[in-house]
Amino acid sequence: MMFGSRSGNIPGLSPPAVLIFFHIPKAGGTTMNTILQHCLADKYFNIGFGEEPPDTSLWVYSTARIAKKFHQLSAMRQGEVRCMGGDHLTYDVHTIFDQPSRFFTILRHPVDRVISNFFFLQTWRSLPCYRFIKDLTLEQYLDSGIGLDQDNQQVRMVSGCRELDAPWDPEGRPISTPPVERLHLEMAKRNIEERFIVAAPLEQFTALVWFLKRLYGWPLHRVLFRIANKNANRPRLENVSEAARKRLETLNQYDIELYEWVKARFAKQIEPLEPNFSREVRRFELRTRFIQRIAEHCPQAIYTIACDLLFRS
């Protein structure tokens, strides 16, 4: 079942004609994309560009580039698409569809997200900035200004303000854009209120998956997941210097506000579903932990079979 008769189990909310996953870097996106692909199959359009670097220093692929890939599909295939996900995209990407669309997204506490992102980009050799940052410390990277990911990246992306993005500098010089201000934070909030069916903090990932399962009526065995794209080379948060963490808090003042606002908003969004929703999520978490233990010791094919046999519903 993809969009079957069990869909619409969130009062007052129906699945949009096209659902767009607004993938913020290092915020659970790879795992979420795997779930979407598993649940939606041929109705899912993956905009993944592999090792090709993003177009801008905000780590996004341009709408023109995504549209080109979408329009390479046959007209019939384009009409079948009900969900788009994959790599990082810009807010105006909805313009490529002839049908109404809405977004959903996951936000992460910016201090933890920036640290994770920095150690990840030091491994991505095709990035234009790789040769300039591969040997830097986190503190040196923050001094360099080479990227925008350390400065309110989530507000920059969700606000949809083009002036807050800029191309990579081929010589590794600091990126220059207007500063993020409170008006951009308010624009990001307004966009979420008006165009997103849901936005959730990363620590509520399992609850978000269950929210989508209830909305679309997906069977349990399809939404069970294994964590993907773990950043093994990053240090634990407590092992990063207090000075660096404090600096990241200052640099990401508006991202922190957006993250806390989204956390409170998601709690309020699921409140009418309680107490059943929390009980269902706790059971789902237990099943997910069990299946992840299987995944640690089995190849993907065996893991998939185990999900189908144990939890098909």
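Tutor: Happy to! A word on handedness before we start: a crossing is called right-handed if the near helix is turned clockwise from the far one by less than a right angle, and left-handed if the turn is anticlockwise. Keep in mind, too, that this is a predicted model.

Let's begin with H4, residues 110–121, and H11, residues 242–251. Their axes lie 9 Å apart and the packing angle is about 110°, which makes H4 roughly perpendicular to H11. With the definition above in hand, you can read the way H4 passes H11 as a right-handed crossing. On the H4 side the contact is made by Val-111, Val-114 and Ile-115, and on the H11 side by Arg-245, Leu-248 and Glu-249. Sorted by class, this contact has four nonpolar and two charged residues, and no polar ones. The spacing of such contact residues has a simple background: an α-helix has 3.6 residues a turn, so residues three or four places apart point the same way.

Now turn to H8, residues 182–195, and H12, residues 253–270. Here the axes come within 10 Å and cross at roughly 25°, so H8 is roughly parallel to H12. This crossing is right-handed. H8 brings Arg-182, Leu-185, Ala-188, Lys-189, Ile-192 and Glu-193 to the contact, where they meet Gln-253, Tyr-254, Glu-257, Leu-258, Trp-261, Val-262 and Arg-265 of H12. The class count for H8 with H12 is seven nonpolar, one polar and five charged residues.

Staying with H12, its 18 residues reach 26 Å from the first C-alpha to the last, close to the 26 Å expected at 1.5 Å a residue. Its buried residues are Tyr-254, Asp-255, Ile-256, Leu-258, Tyr-259, Val-262, Arg-265, Phe-266 and Ile-270. Among them, Tyr-254, Leu-258, Val-262 and Arg-265 also take part in the contact with H8.

Finally, have a look at H9, residues 205–216. Its 12 residues reach 17 Å from the first C-alpha to the last, close to the 16 Å expected at 1.5 Å a residue. How much of H9 is buried? The count is 12 of the 12 residues, so H9 is largely enclosed by the rest of the structure. The buried residues of H9 include Phe-205, Trp-210, Phe-211 and Tyr-216, and also the charged side chains of Lys-213 and Arg-214.

Key: Residues are numbered from 1 along each chain as its sequence is written. This is a predicted model: local features need pLDDT of at least 70, side-chain atom pairs count only at pLDDT 80 or more; totals for chains, interfaces and linings use all residues. Side-chain values use heavy atoms; hydrogens and water are left out. Axes are lines fitted to C-alpha atoms, for helices over the stretch in contact, and angles run from 0 to 180 degrees between N-to-C directions. Helices (H or I, at least four residues) and strands (E, at least two) are DSSP runs, numbered from the N terminus. Angles under 35 degrees count as roughly parallel, over 145 as roughly antiparallel, 65 to 115 as roughly perpendicular and the rest as oblique. Contact means heavy atoms within 4.5 Å. The expected span of a helix is 1.5 Å times one less than its number of residues. Buried means under 20% relative accessible area, exposed over 50%, partly exposed in between (1.4 Å probe, protein chains only).
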